[in-house]
Amino acid sequence: MKLSKSLLVGTAALLSPTFALAQEAGVNPSTDTVFILNSLLFLVGGFLVFFMAAGFAMLEGGLVRSKNVTMQMTKNVGLFSLATIFYYLIGYNLMYPLGTWAMGSDETGGYLSGVWGPGILEAVGITAEGADDYSYATTGSDFFFQLMFCAATASIVSGALAERIKLWPFLIFTIILTSIIYPIQASWKWGGGFLDSQFGFLDFAGSTVVHSVGGWAALVGAIILGPRLGKYKDGKVVPIMGSNLQMATLGTFILWLGWFGFNGGSQLAMGSIGDVADVSRIFANTNAAAAGGAIVALILTQVLYKKPDLTMVLNGALAGLVSITAEPLTPGLGMATIIGGVGGVIVVFAVPFLDKLKIDDVVGAIPVHLFAGIWGTMAVLLTNPDATFMGQLMSIIIVGVFVVVTSAVVWLILKGVMGIRVSEEAEITGLDGAELGMEAYPEFTKS
Amino acid sequence: MKLSKSLLVGTAALLSPTFALAQEAGVNPSTDTVFILNSLLFLVGGFLVFFMAAGFAMLEGGLVRSKNVTMQMTKNVGLFSLATIFYYLIGYNLMYPLGTWAMGSDETGGYLSGVWGPGILEAVGITAEGADDYSYATTGSDFFFQLMFCAATASIVSGALAERIKLWPFLIFTIILTSIIYPIQASWKWGGGFLDSQFGFLDFAGSTVVHSVGGWAALVGAIILGPRLGKYKDGKVVPIMGSNLQMATLGTFILWLGWFGFNGGSQLAMGSIGDVADVSRIFANTNAAAAGGAIVALILTQVLYKKPDLTMVLNGALAGLVSITAEPLTPGLGMATIIGGVGGVIVVFAVPFLDKLKIDDVVGAIPVHLFAGIWGTMAVLLTNPDATFMGQLMSIIIVGVFVVVTSAVVWLILKGVMGIRVSEEAEITGLDGAELGMEAYPEFTKS
Amino acid sequence: MKLSKSLLVGTAALLSPTFALAQEAGVNPSTDTVFILNSLLFLVGGFLVFFMAAGFAMLEGGLVRSKNVTMQMTKNVGLFSLATIFYYLIGYNLMYPLGTWAMGSDETGGYLSGVWGPGILEAVGITAEGADDYSYATTGSDFFFQLMFCAATASIVSGALAERIKLWPFLIFTIILTSIIYPIQASWKWGGGFLDSQFGFLDFAGSTVVHSVGGWAALVGAIILGPRLGKYKDGKVVPIMGSNLQMATLGTFILWLGWFGFNGGSQLAMGSIGDVADVSRIFANTNAAAAGGAIVALILTQVLYKKPDLTMVLNGALAGLVSITAEPLTPGLGMATIIGGVGGVIVVFAVPFLDKLKIDDVVGAIPVHLFAGIWGTMAVLLTNPDATFMGQLMSIIIVGVFVVVTSAVVWLILKGVMGIRVSEEAEITGLDGAELGMEAYPEFTKS
């Protein structure tokens with residue numbers, strides 16, 4: 001039933017005036033189809049990135065001690081829900097302040113009216129004329145997809161600060177992060193702001209815009225919060241083992257799965273041959289980078305410690321994913337594997353490095369999301385000739401300074417006003433018993 | 001590569017007779033493409049709703065005691081499998097008894113032949129003429145999608161009756177529910193029956209047709225079955241803690257994910273701009289309602305009990321999802337959040353309310369699916385002017401009476417014929433040891 | 001907005017020369033749209049099959065003892081990552097050695113240059129002319145999809161050999177399997193080789209090409225490796241219980257979910273009515289077969305042992321899925337249920353049969369993937385008139401002999417060179433403590 005190319009070419013000679021149009025119709029997708037396929041990419045990509053919220057929760061829950069698992073679950077469900085509400089209320093329209101990319105088609109109405117306020121979806125049953133941007137995708141699918149990136153940023157923070165931060169200050173920080181900090185800096189690149197227009201900054205799916213932002217906020221939080229009791233004792237690092245490594249593995253696989261949506265959806269279009277081929281490249285490269293990070297961490301921990309370390313392997317895969325996120329399109333499969341592999345190296349060396357600085361990052365979020373995020377952002381230079389060294393570096397620094405300063409202000413205000421750390425007693429008892437009165441595994445944990 | 005609108009308009013003047021047709025071809029998706037995209041919506045929506053079977057299993061397994069987890073897993077795999085078989089054998093064609101919506105295109109053949117019997121898929125490699133309904137979607141994708149709704153209804157029941165019901169009577173009830181009770185009442189609305197045609201009943205994705213039906217069946221079952229031993233003692237409610245709250249959280253996230261397919265797929269079409277924009281609205285609204293339910297439950301339990309309650313937060317998210325299910329399209333994001341939030345309120349107050357009545361619902365299925373289902377069905381009135389108060393209310397009542405009566409008859413027959421409750425001894429030992437001889441966590445559970 | 005068929009027919013008489021072309025445009029998808037939809041099928045199918053890696057890990061982790069869970073997780077993440085790297089480096093182009101199906105459109109460039117070497121994706125932003133095969137799908141999506149099948153083959157092996165095989169020999173075997181053994185035999189069928197062209201072998205999604213291959217490699221490995229200590233004692237089989245049946249259930253559900261991509265994606269096209277209807281049939285049939293396998297195992301274990309056996313039910317569902325994989329398209333729903341049900345019978349009888357032979361298959365991978373794979377391959381004869389008894393049987397035997405011989409050689413070399421089995425002491429202590437120094441559940445396991 002398909003039109004063969006040769007048939008079309010053969011017919012072309014016969015039907016000259018109408019052919020130009022008919023050929024377009026016969027070869028290219030219709031304009032509506034393009035719009036539908038772009039929107040579909042966001043919906044599928046969006047639900048995959050949504051599922052990363054579960055991935056983060058499982059990873060973090062598996063890497064904390066069982067006495068803090070209920071709290072970690074509460075934080076993860078809470079932060080995602082608050083991100084949903086506050087990105088809608090404030091963040092979405094703050095992120096695209098000038099409507100640079102969406103105002104083109106419809107300057108008067110739609111979700112980007114130039115007026116700051118809550119996100120507004122298109123009307124029910126729109127036609128092409130009613131679409132906010134008929135050349136792009138539905139506003140609903142765009143909002144859904146963008147929201148998930150904002151929420152992911154907050155998820156990164158929760159792991160690093162686990163086992164000692166109070167619930168409500170953490171959730172208040174989440175609100176500020178998702179409604180103000182993340183959207184403002186994201187607008188600099190993805191809202192058509194100065195990093196995009198003046199620095200030529202390239203960050204395809206957010207090694208810097210998402211991952212390093214979460215990483216910086218986590219780093220500042222971890223420093224202000226201080227390490228867990230007993231983590232650093234007499235100049236030595238005391239390993240604190242996670243309660244459930246099968247869950248941590250599941251979380252990693254879910255994150256890996258979600259990353260196909262994260263990077264693939266960031267192509268922002270699927271309605272042409274070039275776009276779908278690019279999305280396909282991205283899927284294959286994303287997977288390759290994760291594999292590279294995992295295998296490098298496996299081999300390195302075998303060589304360095306004589307025993308492969310599963311938590312390093314899991315974080316290696318995640319670091320590989322973060323590393324490829326700034327440029328999942330232009331590398332070939334081999335280069336993608338290498339870029340991800342370097343992420344694995346970073347994790348293996350950065351985790352003990354942070355411990356030397358007595359910065360206690362419970363799940364390894366800072367090496368994975370911040371350090372590999374920086375690496376990934378610079379690695380764009382390896383394969384994308386449009387990237388400039390200074391453009392990438394300055395953007396990393398500008399975003400970093402902004403997030404460090406704003407996060408520090410928020411953390412310090414929270415510390416001053418309500419305190420951010422649970423009592424020593426509560427930390428020893430476990431946050432589940434002390435703060436929530438509900439154990440995650442009441443029948444399992446050895447007394 | 002896209003056709004710009006202006007190009008088409010410019011060419012239009014030149015080619016008047018052929019243009020009308022060519023413009024259609026250039027702007028709109030081809031008729032085959034519409035059919036393909038609609039079917040794709042059902043396939044993607046269907047696999048997401050399928051995964052809800054895993055979500056229910058993880059949620060329920062996490063909320064029962066470890067001595068009953070193997071049984072809960074067996075029930076969940078068993079009920080889904082039986083739903084698959086009996087919806088095929090009986091339910092699917094019972095649900096569309098007159099073939100009201102599908103007979104239009106092909107009255108003689110196809111899956112809706114007007115003759116009661118097993119579901120029959122279209123032939124291999126059909127053409128447009130061979131399709132059962134070329135204006136809609138493939139029968140296979142429709143069957144796959146509808147089956148998952150039927151199975152979800154049965155999953156709702158299994159949680160409420162956990163930890164004391166016998167395996168086989170439960171599975172026999174599942175057979176009756178999925179082959180007879182669910183399809184008959186679903187036909188009243190979705191098969192074009194009297195609730196649809198005479199009452200103007202609106203229930204987009206099934207707050208009543210799916211969730212309240214599962215909820216009513218669970219309620220009747222819980223009353224007839226009686227509470228677990230030791231749950232209500234000397235006029236007091238004895239809390240029985242779930243064995244694995246991380247699993248319960250995972251189950252909630254999986255259900256949340258699946259709900260995008262549940263509600264989004266219920267648009268039943270994705271082949272036009274209006275349809276894909278509507279699906280997009282639904283995704284965003286569904287997510288907003290879940291967030292609303294979770295946050296309201298979080299805040300309410302903090303205020304009421306001074307300690308946030310994770311199980312309430314999880315059920316709050318689910319109640320938010322059920323609440324938006326009757327109308328996920330017409331609300332804006334803010335209203336969707338509020339409608340979901342009310343679901344969270346319902347859960348926080350209904351769980352202790354049921355305990356006062358000594359109705360023992362192990363996982364909170366009745367508040368989540370029945371009470372929030374009723375609320376969601378009435379909440380259609382808030383945003384959809386086509387809904388009438390009496391149409392919604394009467395439909396809720398009619399469906400409720402039908403399910404209560406038929407479920408009660410089935411439960412009572414099962415009770416009389418084979419008994420539905422395990423022995424006291426088995427309940428104390430745990431169903432895994434007593435009935436199955438296989439522990440879910442043989443190495444973990446404290447003796 | 002859709003073109004009705006009658007409108008087109010009515011207009012046809014008026015516009016005879018241009019109509020033929022315009023009608024195609026109005027009814028059929030454009031050629032680009034076909035290419036996009038085919039690629040989309042591979043991307044969605046591919047991420048679903050990717051998730052099966054998590055399913056295998058959860059299933060296997062749940063069925064081993066807690067002292068070996070960290071190792072099982074390490075193996076599963078490791079094998080998937082190595083499969084990714086080596087299928088790219090060697091396997092992909094080895095599998096399509098003559099470029100039989102892809103060289104048609106572009107003989108000079110592209111990924112199938114006839115030269116053995118790493119897989120090469122299409123350039124960024126290709127046009128129709130730049131596509132390796134414009135009549136099919138993007139190379140990236142094809143690679144992504146095919147890779148997941150190769151990785152699944154390796155996942156099958158890891159479960160059978162759990163709890164006693166050393167990490168590195170296992171991973172080295174994985175490399176040989178995914179870069180050499182799997183691709184060579186897959187080329188015989190899917191690369192257009194002699195099983196396809198001379199034997200008329202039919203294996204839609206790989207009951208033989210994927211599942212039996214993993215099963216044969218597992219069988220040979222299990223025999224050479226020998227049973228776990230204490231499994232067969234004084235002529236009796238000592239049951240060794242899995243540590244986490246809820247996880248095993250989750251793994252099964254994830255595999256079930258992934259199978260929609262596995263079988264549905266193997267239609268290899270979604271750009272026509274016939275193709276999308278076939279994909280729909282496949283989804284519905286795949287689900288039916290799983291249900292059949294689960295229910296038959298449930299009933300059989302009830303009848304034979306008086307106690308339903310959850311692990312048999314889970315493996316029954318998986319055996320049902322394997323059974324339908326060779327031909328998920330041509331059966332009707334009833335026949336699909338029966339074909340899957342026979343898979344359930346096979347599992348229930350083959351598990352104790354292997355134990356009689358003292359072949360210790362920890363998770364039941366050999367009955368599920370090898371025995372049900374053979375059954376499924378022969379069951380093609382029931383519904384597909386193009387299959388021949390000898391073509392199916394000879395292909396099973398040829399593939400089996402090839403995999404048995406090559407696997408045995410590799411296992412024996414590994415055994416001779418570095419040893420494949422951990423020490424008795426390590427096996428008793430558990431691989432996690434002895435080999436990795438990291439427990440999966442440090443707080444749960446009873447000492």
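Buried area is the accessible area, taken with a 1.4 Å probe, that two parts lose on being put together, summed over both.

A word on the ground rules. This is a predicted model, where local features need pLDDT of at least 70 and side-chain atom pairs count only at pLDDT 80 or more, while totals for chains, interfaces and linings use all residues. Residues are numbered from 1 along each chain as its sequence is written, chains are lettered from A and ligands numbered from 1 in the order in which they are written, and side-chain values use heavy atoms, leaving out hydrogens and water.

Let's start with chains A and B. Between them, about 6,500 Å² is buried, and carbon and sulfur atoms give 76% of that. In contact terms (heavy atoms within 4.5 Å), 79 residues of chain A meet 79 residues of chain B.

How many salt bridges are there between chain A and chain B? The count is zero, where a salt bridge is a side-chain nitrogen of Lys or Arg within 4 Å of a carboxyl oxygen of Asp or Glu. Polar contacts do turn up: 16 residue pairs between chain A and chain B, both residues at pLDDT 80 or more. Here a polar contact is a pair of N or O atoms within 3.5 Å; within protein, one must be able to donate a hydrogen and the other to accept it, and residues adjacent in sequence count only if both atoms are side-chain atoms.

Which helices build the chain A side? Those supplying at least two residues each include helix 2 (16-27), helix 4 (69-95) and helix 9 (245-265) of chain A. Helix 3 of chain A gives the most, with 19 residues. Helices here are DSSP runs (H or I, at least four residues), numbered from the N terminus. By class, that side of chain A has 48 nonpolar, 25 polar and six charged residues; Ala, Val, Leu, Ile, Met, Phe, Trp, Tyr, Cys and Pro count as nonpolar, Asp, Glu, Lys and Arg as charged, and the others, Gly among them, as polar.

Now over to chains C and A. This contact takes 79 residues from chain C and 78 residues from chain A, with about 6,500 Å² buried. Zero salt bridges are found here.

Finally, symmetry. A rotation of 120° with 0.0 Å of shift along its axis superposes chain A on chain B, at RMSD 0.0 Å, so the two copies are related as by a three-fold rotation axis. Of the residues of chain A, Phe444(A) comes closest to the rotation axis, its C-alpha at 3.0 Å.

Notes:
Least-squares fit on C-alpha atoms with pLDDT ≥ 70 in both.
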